[in-house]
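Subject: Structure handover

Hello,

Here is the structure you are taking over. Please open it first, then read the notes below.

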Amino acid sequence: MKSNVTVYSSRNFYLLKRHVVVTHRSHRLLVAKVVAPYLACTVIVAHCYDDPDAPDYETWWNLFNNWVARSSNVLLLADMNAAVGSVTSTSIGDLAAETEGQNGARFHRTLLENQFALPTTFMDVLGGHGT
């Protein structure tokens, strides 16, 4: 079984080490640029502080927002420690809604500013089934 292979027009394409460049890394944020045949994106892996009083909380949000805003074709893999859904928009639906907290409001704003959406918060994306 080759899980790292994509078949396109009867040809195999591999994601190789040389296709990925890490542009930022810290214990709560990893950013990597991927340029490979038929794939060009920025992968952002984020783990937001759950405590707004954490010493690096504001710095982390500024850094995260900066990377999201200046990146293209973003694949965001994140634990934002964010409750969302009570405030809806084109970015966040009301499926499995929770009362939007401070992290939720900040994340919601980031999504709106960058025209991103959380697909699993919209009922029609899931074909009528909840998470």
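Two strands count as paired if DSSP finds at least two bridges between them. Helices (H or I, at least four residues) and strands (E, at least two) are DSSP runs, numbered from the N terminus. This is a predicted model: local features need pLDDT of at least 70, side-chain atom pairs count only at pLDDT 80 or more, and totals for chains, interfaces and linings use all residues. Residues are numbered from 1 along each chain as its sequence is written, and side-chain values use heavy atoms, with hydrogens and water left out.

The sheet

Four strands make an open sheet with mixed pairing, in the order β3-β4-β5-β6. Its edges are β3 (20-26) and β6 (74-79). Each has a single partner strand, so one side of each is left without a neighbour in the sheet. From one strand to the next, the twist averages 10 degrees. For angles, axes are lines fitted to C-alpha atoms, for helices over the stretch in contact, and values run from 0 to 180 degrees between N-to-C directions.

Strands of a sheet pair through backbone hydrogen bonds, either parallel or antiparallel. Here is how the pairs run.

- β3 and β4 (residues 29-36) run antiparallel, joined by six bridges. A hairpin links β3 to β4 through two residues. Val22 has Ala32 in β4 as its bridge partner.
- β4 and β5 are antiparallel, with eight bridges. Leu30 has its bridge partner in β5, namely Val45. Val35 stands opposite Ala40, also in β5. The hairpin of β4 and β5 has two residues between the strands. In this hairpin, Tyr38 takes a positive phi near 65 degrees.
- β5 and β6 are parallel, with six bridges. His47 stands opposite Asp79 in β6.

Helix α1 (residues 57-70) lies across β3, β4, β5 (39-47) and β6. The helix runs at about 170 degrees to β5.

The surface patch

Which residues form a nonpolar patch on the surface? They are Val22, Leu30, Val45, Leu75 and Leu77. Together they have about 380 Å² of accessible area. Accessible areas come from the Shrake-Rupley method with a 1.4 Å probe; for residues, only the protein chains shown count as cover. Patches are made of residues with over 30% relative accessible area and no salt bridge; like charges are joined within 9 Å, and nonpolar side chains (Val, Leu, Ile, Met, Phe, Trp, Tyr) within 5 Å. A salt bridge is a side-chain nitrogen of Lys or Arg within 4 Å of a carboxyl oxygen of Asp or Glu.

Val22 lies in strand β3. Is Val22 buried, exposed or partly exposed? Val22 is partly exposed, because its relative accessible area is 47%. The classes are: buried under 20% relative accessible area, exposed over 50%, partly exposed in between (1.4 Å probe, protein chains only).

Helix α2 and beyond

Arg106 belongs to helix α2. Arg106 counts as buried, because its relative accessibility is 15%. Leaving out residues up to four places away in sequence, Arg106 touches Tyr57, Glu58 and Trp61. Contact means heavy atoms within 4.5 Å.

Two further residues deserve a look. Ala96 sits in the loop between β6 and α2 (102-113). Phi of Ala96 is positive, near 55 degrees, though the residue is not glycine. Ala96 is exposed, because its relative accessible area is 52%. Ala96 and Thr121 are 25 residues apart in sequence, yet 6.9 Å apart in space, C-alpha to C-alpha.

Gln115 is in the segment after α2. Gln115 also has a positive phi, about 55 degrees, and is not a glycine. Gln115 counts as exposed, because its relative accessibility is 74%.

The whole chain

The protein chain has two helices and six strands. From the N terminus on, its elements run β-β-β-β-β-α-β-α. Of its 131 residues, 32% count as buried. Among contacts between residues at least 6 apart in sequence, 43% join residues at least 24 apart. The chain exposes about 8,500 Å², and carbon and sulfur atoms supply 53% of that area.

Best wishes
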